[in-house]
Amino acid sequence: MDSREQGGLIAKSVSRPVKTGHGIKIGIFAGIHGDEEAGTLATHELIAWAEERPEELHDYELHFFPICNPTGRTLGTRHSHSGLDLNREFWRGSTEPEVVYLEGELRCESYDGIISLHSDDTSDGCYGFVRGALLSEHLLEPALQASSDFLPRNEAPIIDGFPASRGIIKEGYLGILSAPPEQRPHALEIVFETPALAPMDAQVQATVAAVKRILAEYRELQAYAANL
């Protein structure tokens with residue numbers, strides 16, 4: 001495991017695969033909203049897991065970004081110190097330093113998958129955003145099943161203003177943290193949300209369980225595709 005920082009602000013930790021250059025590269029991003037602590041804490045737990053049980057991640061290269069909005073976290077606000085919601089600024093010519101740095105990482109690394117961790121204070125259960133019906137069935141659905149051991153699933157037909165089916169949303173906001181628009185093939189993208197008013201420990205456990213299930217299911221999906 002290695003780590004580095006950008007200007008002492010956004011830390012990046014990397015878990016390497018057993019065979020260098022042959023891992024499935026996944027970026028895990030948390031804290032883009034400064035007042036959403038569950039994702040940050042869950043990411044630290046996942047970093048510890050990667051350090052303690054590397055054999056379980058032998059075929060993954062995981063890049064962890066626990067705090068993507070350091071000034072917002074310090075202030076305890078959704079927005080950064082500039083007053084902007086950074087998760088509406090991506091790929092829109094933003095000059096916000098956090099966005100510029102993260103866009104550079106996203107372009108440089110060309111992730112196979114991007115997992116963004118959030119909390120929603122208007123939701124009474126876990127839910128997520130995903131692109132594509134296949135990924136919904138094989139990745140986000142099992143992740144929501146795993147998280148339900150700790151927190152309920154949001155079963156509402158409309159969540160955050162979007163049509164939803166059993167906690168799965170296939171639309172999303174413009175400007176969110178995502179793969180570069182020009183990247184081909186496009187990365188797997190999942191946004192996982194916990195109910196922010198639930199106990200913090202339950203949010204963290206639900207998030208960790210969801211991410212672990214996504215990684216396990218994605219590994220199987222990749223193996224199945226290779227055998228087609």
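Student: Is Cys68 buried or exposed in this structure?
Tutor: This is a predicted model, and the value is computed from it. Buried means under 20% relative accessible area. Cys68 has a relative accessibility of 0%, so the residue counts as buried.

Student: Which residue holds the cysteine sulfur closest to that of Cys68?
Tutor: A disulfide needs two cysteine sulfur atoms within 2.5 Å. The closest cysteine sulfur lies 16 Å from the sulfur of Cys68, too far for a bond. That closest sulfur belongs to Cys108.

Student: How many disulfides does the model have?
Tutor: A disulfide is a covalent bond between the sulfur atoms of two cysteines. Seen from Cys108, the closest cysteine sulfur is in Cys68, 16 Å away, which is too far for a bond. The count of disulfides comes to 0.

Student: Is Cys108 buried or exposed?
Tutor: The cut-off for exposed is over 50% relative accessible area. Cys108 has 62%, so Cys108 is exposed.

Student: How far apart are the end C-alpha atoms of helix α1?
Tutor: Helix α1 covers residues 37-52, which makes 16 residues. At 1.5 Å a residue, the helix should span 22 Å. The value in the model agrees with this, the end C-alpha atoms being 23 Å apart.

Student: What distance separates the closest N and O atoms of Glu37 and Arg73?
Tutor: Glu37 forms a salt bridge with Arg73. The pair joins distant parts of the chain, with Glu37 in helix α1 and Arg73 in helix α2, 36 residues apart. Glu37 is partly exposed at 23% relative accessibility, and Arg73 is partly exposed at 34%. Their closest N and O atoms are separated by 2.6 Å.

Student: Is Glu61 buried or exposed?
Tutor: The side chain of Glu61 meets that of Arg16 in a salt bridge of 3.2 Å, N to O. Glu61 sits in strand β4 and Arg16 in the loop between β2 and β3, 45 residues apart. Arg16 is partly exposed, at 47%. Glu61 has 10% relative accessibility, so this residue counts as buried.

Student: Which helix contains Arg107, the partner of Glu182?
Tutor: Glu182 and Arg107 form a salt bridge of 2.7 Å between N and O. Glu182 lies in the loop between β9 and β10, 75 residues from Arg107, and Arg107 is in helix α3.

Student: Which residues are linked with Lys12 and Lys25 in a network of salt bridges?
Tutor: The model has 15 salt bridges by count. Two buried residues of α3 are among those to consider here. The network joins Lys12 and Lys25 with Glu105 and Glu109.

Notes. Residues numbered from 1 in each chain as written. Predicted model: local features only at pLDDT ≥ 70, side-chain atom pairs only at ≥ 80, totals over all residues. Heavy atoms only, no water. Helix = DSSP H or I, 4+ residues; strand = E, 2+ residues; numbered from the N terminus. Expected span 1.5 Å × (residues − 1). Buried < 20%, exposed > 50% of the residue type's maximum accessible area, 1.4 Å probe, protein only. Salt bridge = Lys/Arg side-chain N within 4 Å of Asp/Glu carboxyl O.
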